[in-house]
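Please keep the sequence and the 3D view open while you read. The paragraphs below go through the model one part at a time.

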Amino acid sequence: MKVNGKACSLKEPVTLLAYLQQLGCDPAKVAVERNGGIVPKAQFGSVMLRDTDELEVVSFVGGG
């Protein structure tokens, strides 16, 4: 699997939500693209990641 262009390996099947939590990401504050398509937040808990997936995880930053 690739996350933001870096190779990673999955040790066990995991949902996108669980993977984001393992990374220390707040799922409410990120957008995720999986294999070229945006994953709706409502599906984070049901999308199972595969070793062939490519993810782009983008954090929202506020301020001014």
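**From a turn to the core**

Asn35 has a relative accessible area of 43% and therefore counts as partly exposed; buried means under 20% relative accessible area, exposed over 50%, and partly exposed in between, with a 1.4 Å probe and protein chains only. Asn35 sits in the loop between β3 and β4. Its phi is positive, about 55 degrees, although Asn35 is not a glycine.

This is a predicted model, in which local features need pLDDT of at least 70, side-chain atom pairs count only at pLDDT 80 or more, and totals for chains, interfaces and linings use all residues. Residues are numbered from 1 along each chain as its sequence is written, and side-chain values use heavy atoms, with hydrogens and water left out. The chain has a mean pLDDT of 93, where pLDDT is the predictor's confidence in each residue, from 0 to 100. In the chain, 95% of residues reach 70 or more. Confidence is lowest in β5, at a mean of 95, and highest in β4, at 98.

The names of the elements follow a rule: helices (H or I, at least four residues) and strands (E, at least two) are DSSP runs, numbered from the N terminus. Strands β3 and β4 form a hairpin with 2 residues between them, and Asn35 is in the turn. β3 covers residues 30-34 and pairs with β4 in the antiparallel sense over 3 bridges; two strands pair if DSSP finds at least two bridges between them. In this pairing Arg34 stands opposite Gly37 in β4. β3 is also joined to β5 by 5 bridges, and these strands run antiparallel. Here Val30 stands opposite Ser59 in β5.

Because its relative accessibility is 38%, Asn4 counts as partly exposed.

Next comes the interior. A nonpolar core is a set of buried Ala, Val, Leu, Ile, Met, Phe, Trp, Tyr and Cys residues joined through side-chain atoms within 4.5 Å. The largest one has 14 residues, and those with the most contacts inside it include Leu16, Val32 and Phe44. α1, β3 and β5 (54-59) are the elements that give two or more residues to this core. The largest share, 3 residues, comes from α1.

Phe44 touches several residues beyond four places away in sequence, among them Thr15, Leu20, Val30 and Val39; contact means heavy atoms within 4.5 Å. Thr15 is in the loop between β2 (6-7) and α1 (16-22).
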